[in-house]
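I opened the model to look up its helices, cores, charged pairs and surface. My notes are below the view.

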Amino acid sequence: MNFSQLILLIILSFLPSFFWIFFYYYYSPRFTTPRGFLVVLFFLGMLAAGGAVFLENGIFRILPTSVLETFSRYFFGIYPYQVSDVLLVFVLTFFVIAPVEELLKFFVIRLAIQVKPRCLDQTIDGIKFGLVVGLGFAVVENGIYFQQPLLEGQNLLLLKLFFLRLFISTLGHSLYTGIIGYYLGLSNFYKIYSHRFLLKGLFFAISVHALFNFFLLINIGF
């Protein structure tokens, strides 16, 4: 990859997240949360994505080669038609990919709150934390998806992926983590139900994330 390709990859990876940041800002222009803290959360989201890549690759390495070959081809427009394949996609999306990614984002937000507890003074702050961490996470994932078509000069595929990531996947990541942030906010103000709220947040975020991936991979419908 040459320097110009690297710069283009970085720009394309950040653009979808910046789009949604400005969208959220337009509908919530009053900042009650320190902007510097939100910037830190954005980059912590990127760090969480790096951790997710490391963990998921480690898990996939210990799986049988046949499982990996069956699962990986669904990322390239080949859809499962056997019940066993559908079950495999279900298990990996619900019990590997979504839990790993949402748990890492959860721990990032939890850590940030513990370091700066005064930044969370209302439930909506938790939602903002989640949205921003999710958008940071999406930057790294965007880069992974954009890299190959960019290097191979597949401009049409790159453009298609860009708009799919912009309006679906990047938005999705912010919303999954927004759910976690909402329940983290509730757990902070309703201590007696704290653990219940945290478990609910993780359950709903993982479930929605896994359902999205599952339906996408088995081509149920747009």
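These entries go from the conventions to the cores, the salt bridges and the surface.

**Conventions.** I am working from a predicted model, in which local features need pLDDT of at least 70 and side-chain atom pairs count only at pLDDT 80 or more, while totals for chains, interfaces and linings use all residues. Residues are numbered from 1 along each chain as its sequence is written, and side-chain values use heavy atoms, with hydrogens and water left out.

**Helix H2.** I checked the length of H2, residues 35-62; helices here are DSSP runs of H or I, at least four residues, numbered from the N terminus.

**Cores.** I looked for nonpolar cores, meaning buried Ala, Val, Leu, Ile, Met, Phe, Trp, Tyr and Cys residues joined through side-chain atoms within 4.5 Å. The largest has 39 residues, and Leu41, Phe42, Ile109, Phe129, Phe146 and Ile180 touch the most other members. H1, H2, H4, H5, H6 and H7 each give two or more residues to this core, and H5 gives the most, with 9. I followed Phe129 and found contacts (heavy atoms within 4.5 Å) with residues including Phe37, Leu38, Leu41, Ile109 and Ile113, leaving out those up to four places away in sequence. A second, separate core of 15 residues includes Phe71, Val89, Ile206 and Ala210.

**Salt bridges.** I found 2 salt bridges, each a side-chain nitrogen of Lys or Arg within 4 Å of a carboxyl oxygen of Asp or Glu. Lys105 pairs with Glu102, with the closest N and O atoms 2.9 Å apart; both lie in helix H4, 3 residues apart, about one turn of the helix. Lys105 counts as buried because its relative accessibility is 0%, and Glu102 is buried at 0% too. Arg165 pairs with Glu141 at 2.7 Å between the closest N and O atoms. This pair links distant parts of the chain, with Arg165 in helix H6 and Glu141 in helix H5, 24 residues apart. Arg165 and Glu141 are both buried.

**Helix H1.** I ended with Ile7, which is in helix H1. Ile7 counts as partly exposed because its relative accessibility is 35%, and that class lies between under 20% (buried) and over 50% (exposed).

How values were computed: Buried < 20%, exposed > 50% of the residue type's maximum accessible area, 1.4 Å probe, protein only. Expected span 1.5 Å × (residues − 1).
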